[in-house]
Amino acid sequence: MTDNNNPQPADLGHLVALVSDFYWRCDQAGRFVALQGAAVERGDIDVQAWQGRLPAEVGLGVVDRAGWPLPEQAVADASVSWIRADGSIRHLSIAAQCERDENGVVRGWQGLARDVTRQHRGYRELEQLRTAIDASHDMIFVVDRETMRFLYVNDIACELTGHPRETFMASTPDQMLGVDRGMLEAEYDRVIAVGRLTVEDRSRLGRGGSMIVERRRCALFVEGRWVIVSIVHDITDRKLAEQARDRLSRMYATLSATNEALLRADTPEELYQQVCEAAVANDDVVIAAVLRVDAEKQALCVVGAASSISADVRELIIPLDPHSRLGDGLVARCYHSARTQVADDYVHDGRLLPWRRFGRRMGLKSAAAVPVIKAGTTIGVMLFVATHKGAYGRDGVRLIERMVANVVFALENLEREAWRRESEKHIEFLATHDALTRLPNRTLFNQSLTMAIAAEHRFAVLFIDLDRFKFINDSLGHEAGDQLLQTVASRLRACTSPTNMVARLGGDEFVVLIEQDERAGALEAVADTILDTILQPVCLNGHDYRVTASVGISIYPQDARDASSLLKQADMAMYCAKDEGKNNYQFYAAELEHRSLVRMRLENNLRCALEKDQFELAYQAKISLADSRIVGVEALLRWHCEELGTVMPGQFLPLAEELGLIVPIGRWVLETACEQNMAWQRAGLPPVPIAVNISAVQLSDQTLVSHVRAVLERTGMAPNLLELEITETAVMRDIARALALLAEMKKLGVMIAIDDFGTGYSSLTQLRELPVDTLKIDRSFVSELATNRTDQSIARAIITMGKNLSLNVIAEGVETAEQEAFLRAEACDSMQGFYFSRPTAATLFAELLGASTTAQTSASARMQAQPAVEGAKRVRSG
């Protein structure tokens, strides 16, 4: 549309081409007279409807206060609303100026109109946004994408970040966020492309450090530029709560897994390992370890461990010494305090200082140590380590403490179950084994013997009995006896083949089942080995003792074909070995049946001999070699059995010791001897010292001293008339005990003699310490005294030793004049033997003593009269 009355400038076409929407002209009355531009070409403006009409008539400015601007002065940017025919509202930006004639009178207006509806909407949205920003509790940042500068930051953002608004306005987002600018611009462009974007990430804007935020970004096109609005919501607490909830959930799963492990484990070691593996299956735990107290090392040592980052955990040792560099850490403090220890910052926690380098290298961030307490005692620590800080909150600690409590409960159950199984095994073991020596017992041996017979292989049964075991057991105590039995059992196992069975039948009786070797002398070699092995010294109560054994051997099938007979025959052969002097072995032979019966009869009669008053004493004089007078008497025990007749002491005394009868028999001997001595005195005979033998078994009797005292008091016999004869061998068995006992005896005033001297290997030093009065030269050195130079030397040495120690020396077993002559020549004090007197009854000894006294009196009278006669002769001659 053109106006011929108002020609346009020459460059109007060029100007209109630059107009985004349309060019307009109004006449003096304000009616449109010209419209041109892109809006007209698009059909947004109906030229015919606008031509000649006022702006208000076509909907321009009807909702604005100012209306369509027809100013006298130029207007650069006026906002005008436009209600279109379809009812929609558009917003126009108007540039207008008036046209005047040559007289300066206004003749019309012209200008440009640009549709800024979109910008207007953006401004309105921005205004609404600012209102929301002011009311929001979230941080809001408005950034110009083109300049990458902040346009606006709300107050809460300044408050939470600790930065004033001026700092934001003077900085760029990438500087404040500490991120790469190119990456941030790419993210902004993505927001522009998709309209809006929500992400969760970690922000460094927080006053206290980084925070977890939910960042919602949207893009607005305002005034021809893109504006990025970021709404940042601090979700740190929510995220931490979610993480804690997730960790707690995982720890519940771990607790469930460990509970399953508790049910699967059969041993404490399996329990520890499976619990650690279940704990490490949780992503929050990278190291789990159970440490138990090692008393020998005085440290906590790993007994179960699992780690997803290191195998070094199994080598972990925590000393219990708090002064040690490693003894004051988290684990050690947990153990000593018996309280859970938690480190939320592994690298900077002082309790973990010795492990800081390890923690940094492995990326460890937190740890928890929980005490393992059983029956009120801390027995160890369970350690959990994580790769993020604060992994063990209050609820988490409660869970791992419950986990450890479950471990303790399971451990107690395992121990109870192990105890039950062990008890069952022990009961089963005790049913077939000896509790003291751990050897098979009679029951198991009989089963094995029966099986061996069923297999019909040649084998031998060796029945072993310790010699004089009862003496050891009674004198040294039952503990020493048990130790001896255990030592013998161990030696028997060691010196026999593993295929042979060694069993203990009871007491000091052992038996060995040996598959018989066809080679000649094989069984004898085994028996010799057993005897030599048992004979080795045994240390009991701090002293070495040697014990011998007697072995009886029966052979299948030549001796018997049933278990009972084989064992019985081996037992008979064993008693035969004892009768042959002990420390030897004997094979079963048919004639042993008779010997066994004889021994059984002897044993049965001996048990009741004292009760039936079958014992009596015989008395043998002791003669002074200087003047042939009786200077003492020895009481010797005799047994006259109704069934067996007279039984020699050598037959029944060893048996009495084995059967434990020697103590009551010895008491009877002491009482009878003292009563008889007092009877002789009451009959007018002179007091004479009486000697009584004390066996080694009696020395172990705790009541021996008190019994001697009681007998002396009851009979009224002077203590110095009682001489107790103790063998040198018995004294040397336990020299310390013998010294104490003899000292107690000497306090009573009795005399002490060492019998069989020369056979017990005592030293001069030991002899000097013994409170003894007499040495008796053993008969083995006297029997060949007239011809054997060695015996002469030994006898001479004993006499000399006795003299040097101021002891009385007496020789026993003197039977010839040559023996007497040698002893008199060597100045031996006295003698005892058949040469002068055999053991005789009390009445006959009384006669002997009376005759000796009369002869001694006559000799004394003659010696006193002899000087007077000699004097008379000298007078007559003079």
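Visitor: Before we look at any residue, what does "buried" mean here?

Guide: Buried means under 20% relative accessible area, and exposed means over 50%. Keep in mind that we're reading a predicted model. Now take Ser550: its relative accessible area is 0%, so it counts as buried.

Visitor: Where does Ser550 lie, and what does it touch?

Guide: Ser550 lies in strand E22, residues 549-556. Leaving out residues up to four places away in sequence, Ser550 touches Phe463, Ile464, Asp465, Asp467, Met574, Ala577, Lys578, Lys582, Asn583 and Asn584. One of these, Asp467, also makes a polar contact with Ser550, side chain to side chain, at 2.8 Å.

Visitor: Which sheet does E22 belong to, and how do I read its strand order?

Guide: Read the order as a walk across the sheet from strand to strand. Here there are five strands in an open sheet, E18-E19-E17-E22-E23, and the pairing is mixed. Strand E18 (501-506) and strand E23 (585-587) each have a single partner strand, so one side of each has no neighbour in the sheet. On average, neighbouring strands are turned by 20° against each other, direction ignored.

Visitor: In which sense do E22 and E23 pair, parallel or antiparallel?

Guide: Parallel, over three bridges. As a landmark, look for Gly552, which stands opposite Gln586 in E23.

Visitor: And which helices pack on this sheet?

Guide: Start with helix H14 (residues 442-455), which touches strand E17 (459-466), E18, strand E19 (509-515) and E22; its direction makes about 135° with that of E18. Then there's helix H17 (residues 522-535), lying across E17, E19, E22 and E23 and running at about 20° to E17.

Visitor: How many bridges join E12 to E13?

Guide: Three, with the strands running antiparallel. At one spot you'll find Ala299 opposite Pro319 in E13.

Visitor: Why is strand E24 largely enclosed by the rest of the structure?

Guide: Count along the strand: nine of the ten residues of E24 (residues 615-624) are buried, so the rest of the structure largely encloses it. E24 pairs antiparallel with strand E25 (residues 630-641) over nine bridges, and Ala618 stands opposite Leu636 there. In their hairpin, five residues sit between the strands, and Ser628 takes a positive phi near 65°. E24 also pairs antiparallel with strand E32 (residues 830-832), over two bridges.

Visitor: Which residues of helix H28 are buried, and which are exposed on the other side?

Guide: For a helix, ask where the buried residues point around the axis. In H28 (residues 817-825) the buried ones are Gln819, Glu820, Phe822 and Leu823. They cover an arc of only 165° around the axis, which puts them on the same side of H28. Glu818 and Ala825 are exposed on the other side. The cover over the buried residues includes helix H27 (789-804), strand E31 (808-812) and E32. Just after H28, Ala827 takes a positive phi of about 65°.

Definitions and conventions:
Residues are numbered from 1 along each chain as its sequence is written. This is a predicted model: local features need pLDDT of at least 70, side-chain atom pairs count only at pLDDT 80 or more; totals for chains, interfaces and linings use all residues. Side-chain values use heavy atoms; hydrogens and water are left out. Two strands pair if DSSP finds at least two bridges between them. Helices (H or I, at least four residues) and strands (E, at least two) are DSSP runs, numbered from the N terminus. Buried means under 20% relative accessible area, exposed over 50%, partly exposed in between (1.4 Å probe, protein chains only). The arc is that of the directions from the helix axis to the C-beta atoms. Contact means heavy atoms within 4.5 Å. A polar contact is a pair of N or O atoms within 3.5 Å; within protein, one must be able to donate a hydrogen and the other to accept it, and residues adjacent in sequence count only if both atoms are side-chain atoms. Axes are lines fitted to C-alpha atoms, for helices over the stretch in contact, and angles run from 0 to 180 degrees between N-to-C directions.
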